[in-house]
Amino acid sequence: MAAAMPDAPVPSVSPVPVAVPSHFQSFLAFDFGLKRTGVASGNRLLGAATPQATIKAEGDARFAQVEARIKEWQPDALIVGVPYHPDGAPHENTRRAQKFARQLRGRFNLQVFEVDERYSTTEALASGARDADAASACIILEQFLRSLP
């Protein structure tokens, strides 16, 4: 188990259930991965998510594709799935996803909400999804949408 880092910076992203302004209606969600990042779009009114083409890029190439999606969908906020161990403990991919969330906020000046994404990929694979990354992003976004009042 990783030791707590008392001098760790306070994250600049908001985990659910932080109050989400009621005027935030549309969202773009990401299931971050080192090689592939699943994407889903959705809105508060329908409470549903739609899978989008998975981003198969790294580094700045990934952010160029994210920027194109943001321009296309014009979301009010972004959602990032953050993985944890089954017991809730963070691991290396937890930190990577949180860094990705901070980078999104800094690059695109949009509010970013983190969602605990434990088992989203397992659920996507069990449902027979052809694109598990995009299906995971849908699961993450729908979980977020269900948490809204």
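**Notes on the predicted model**

1. Pocket lining. In this predicted model, the lining of the second largest pocket comprises eight nonpolar, five polar and six charged residues. These belong to a lining of 19 residues, and Asp31, Phe32, Pro83, Asn93 and Glu117 are the ones that lie nearest the centre of the pocket. The volume of this pocket is about 330 Å³. Helices α2 (92–108) and α4 (132–147) each contribute at least two residues to the lining.

2. Overall architecture. The protein contains four helices and six strands. Read from the N terminus, the order of elements is β-β-β-β-α-β-α-β-α-α. Of its 149 residues, 44% count as buried. Among contacts with a separation of 6 or more, 63% are made by residues 24 or more positions apart.

3. The buried side of α1. Which residues of α1 are buried? They are Arg62, Phe63, Val66, Arg69 and Ile70. Because these residues cover an arc of only 115° around the axis, they sit on the same side of α1. Two of the buried positions, Arg62 and Arg69, are arginines.

4. On the face turned away from the buried side, α1 carries the exposed residues Asp60, Lys71 and Glu72.

5. The end of α1. Just after α1, glutamine 74 adopts a positive phi of about 45°. A colleague examining the backbone may wish to look at glutamine 74 in the display.

6. Asparagine 109. Is asparagine 109 buried or exposed? Its relative accessible area is 71%, and since exposed means over 50%, asparagine 109 is exposed. Asparagine 109 is located in the loop between α2 and β6 (111–116). The C-alpha atoms of asparagine 109 and alanine 77 are separated by 9.4 Å, although the two residues are 32 residues apart along the chain.

Methods: Residues are numbered from 1 along each chain as its sequence is written. This is a predicted model: local features need pLDDT of at least 70, side-chain atom pairs count only at pLDDT 80 or more; totals for chains, interfaces and linings use all residues. Side-chain values use heavy atoms; hydrogens and water are left out. On a 1 Å grid over the protein atoms alone, a cavity is a set of points where a 1.4 Å probe fits but cannot get out, and a pocket is an open set with protein on both sides within 12 Å along at least five of seven lines; lining residues have an atom within 4 Å of a point. Grid points are joined across faces, edges and corners, and a volume is the space filled by probe spheres set on the points. Ala, Val, Leu, Ile, Met, Phe, Trp, Tyr, Cys and Pro count as nonpolar, Asp, Glu, Lys and Arg as charged, and the others, Gly among them, as polar. Buried means under 20% relative accessible area, exposed over 50%, partly exposed in between (1.4 Å probe, protein chains only). The arc is that of the directions from the helix axis to the C-beta atoms. Contact means heavy atoms within 4.5 Å.
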